[in-house]
Amino acid sequence: MSTAPVFLRRLSLACTLAAGALASVGSYAETTLERIQSTGTVRIGYANEAPFAYTETSGKVTGESPEIATQIFTKMGVKKIEPVLTEWGALIPGLRAGRFDVIAAGMYITPPRCQQVIFTDPHYQIPDTLLVKKGNPKNLHSYADVKNNPDVKLAIMSGTAEMGYARAEGVAEEQIVQVPDTTAQLQAVRAGRADASVGTALTMKGLAAKGGDAVEAITDFKDDPSHIGYGALAFRPEDKDLRDAVNQQLKDWLGGTEHLATVKPFGFDKSNVTDKTAAELCKQ
């Protein structure tokens with residue numbers, strides 16, 4: 001009996017398997033973590049909001065989050081950090097579109113954001129406050145004070161958690177002045193387009209220092225304790241391996257001497273360190 005048909009069938013099967021293996025290799029997509037490891041470069045998205053992330057007059061990008069990202073990625077063998085400036089409201093869309101690999105902007109972990117990105121565990125906790133005209137002429141100490149005076153305007157940076165907080169507390173849409181960044185928040189109050197701006201206590205204190213005698217950050221803002229912000233680095237959902245690698249580095253580093261020295265110039269200290277996790281904050 002001839003063995004040719006059997007041989008041909010085996011040859012055909014071998015060719016099919018080989019072609020499948022080559023197709024599998026050809027269709028393999030390099031992960032973001034693998035690309036970062038092979039190129040030694042990571043792109044970080046940020047928005048100008050001191051002290052979390054901002055561009056100095058010299059052109060250097062700094063702030064609590066970019067400096068933490070630089071330290072962590074350096075420990076992972078990354079040689080080059082490429083900052084990508086964008087408006088706050090475009091950070092998540094920019095990340096998902098691939099304009100950068102990680103958001104390093106002090107972004108709060110909130111359940112709605114957890115539906116779009118994945119976070120490391122938080123590297124800080126901080127409350128909010130108001131920036132007002134000197135002397136606080138409208139006597140504003142809470143979102144309720146804003147809500148109860150329909151003539152009051154509140155400047156809020158687009159895309160921030162504070163936008164949701166204000167609406168949830170009953171502040172009317174016509175009372176909200178949406179602005180692209182913190183510089184615009186300061187300008188709105190100084191120019192009288194808004195009676196107050198709301199944001200993190202450190203940010204508002206920083207704006208008050210820039211604004212001179214015309215404005216001040218109040219020290220007795222009455223807010224829901226659940227509004228305490230927990231900031232973290234954010235990644236695309238498909239980059240879980242990258243997020244996990246960064247998270248492991250943070251776990252061993254946060255709260256230590258090097259971490260506290262890194263964030264001290266931006267007003268952060270041990271009181272801002274938290275043991276909350278992204279998993280529990282995403283469920284709130």
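View 1. Ile-118 is buried, with a relative accessible area of 17%, where buried means under 20% relative accessible area, exposed over 50% and partly exposed in between, with a 1.4 Å probe and protein chains only. The residue lies in strand β6 (residues 118-119); helices (H or I, at least four residues) and strands (E, at least two) are DSSP runs, numbered from the N terminus. The model is predicted, so that local features need pLDDT of at least 70 and side-chain atom pairs count only at pLDDT 80 or more, whereas totals for chains, interfaces and linings use all residues. Residues are numbered from 1 along each chain as its sequence is written, and side-chain values use heavy atoms, with hydrogens and water left out. Leaving aside neighbours within four places in sequence, Ile-118 is in contact (heavy atoms within 4.5 Å) with Leu-233, Ala-234, Phe-235, Arg-236, Pro-237, Asp-239, Lys-240 and Arg-243. Between Ile-118 and Thr-262 there are 24 Å in space, C-alpha to C-alpha, and the two are 144 residues apart in sequence.

View 2. Strand β5 (residues 102-108) is mostly covered, as 7 of its 7 residues are buried. Two strands pair if DSSP finds at least two bridges between them. Strand β1 (residues 41-46) runs parallel to β5 and is joined to it by 2 bridges, with Val-102 of β5 as the bridge partner of Ile-44. With strand β13 (residues 229-235), β5 pairs in the antiparallel sense over 3 bridges, and Tyr-108 stands opposite Gly-231 in β13.

View 3. Strand β9 (residues 154-157) and β10 pair in the parallel sense over 4 bridges, and Ile-156 stands opposite Gln-178 in β10.

**View 4. Packing of helix α8 on helix α9.** Helix α8 (residues 182-191) and helix α9 (residues 201-211) pack at an angle of about 55°, with their axes 10 Å apart. The two helices are therefore oblique to each other, given that angles under 35 degrees count as roughly parallel, over 145 as roughly antiparallel, 65 to 115 as roughly perpendicular and the rest as oblique. The contact is made by Thr-182, Gln-185, Leu-186 and Arg-190 of α8, together with Thr-203, Met-204, Leu-207, Lys-210 and Gly-211 of α9.

**View 5. The buried residues of helix α9 and the residue after it.** In α9, the buried residues are Ala-201, Leu-202, Thr-203, Met-204, Leu-207, Ala-208 and Gly-211, and these pack against β7 (124-126), β8, α8, β11 and β12. Just after α9, Gly-212 takes a positive phi of about 70°.

Technical notes: Axes are lines fitted to C-alpha atoms, for helices over the stretch in contact, and angles run from 0 to 180 degrees between N-to-C directions.
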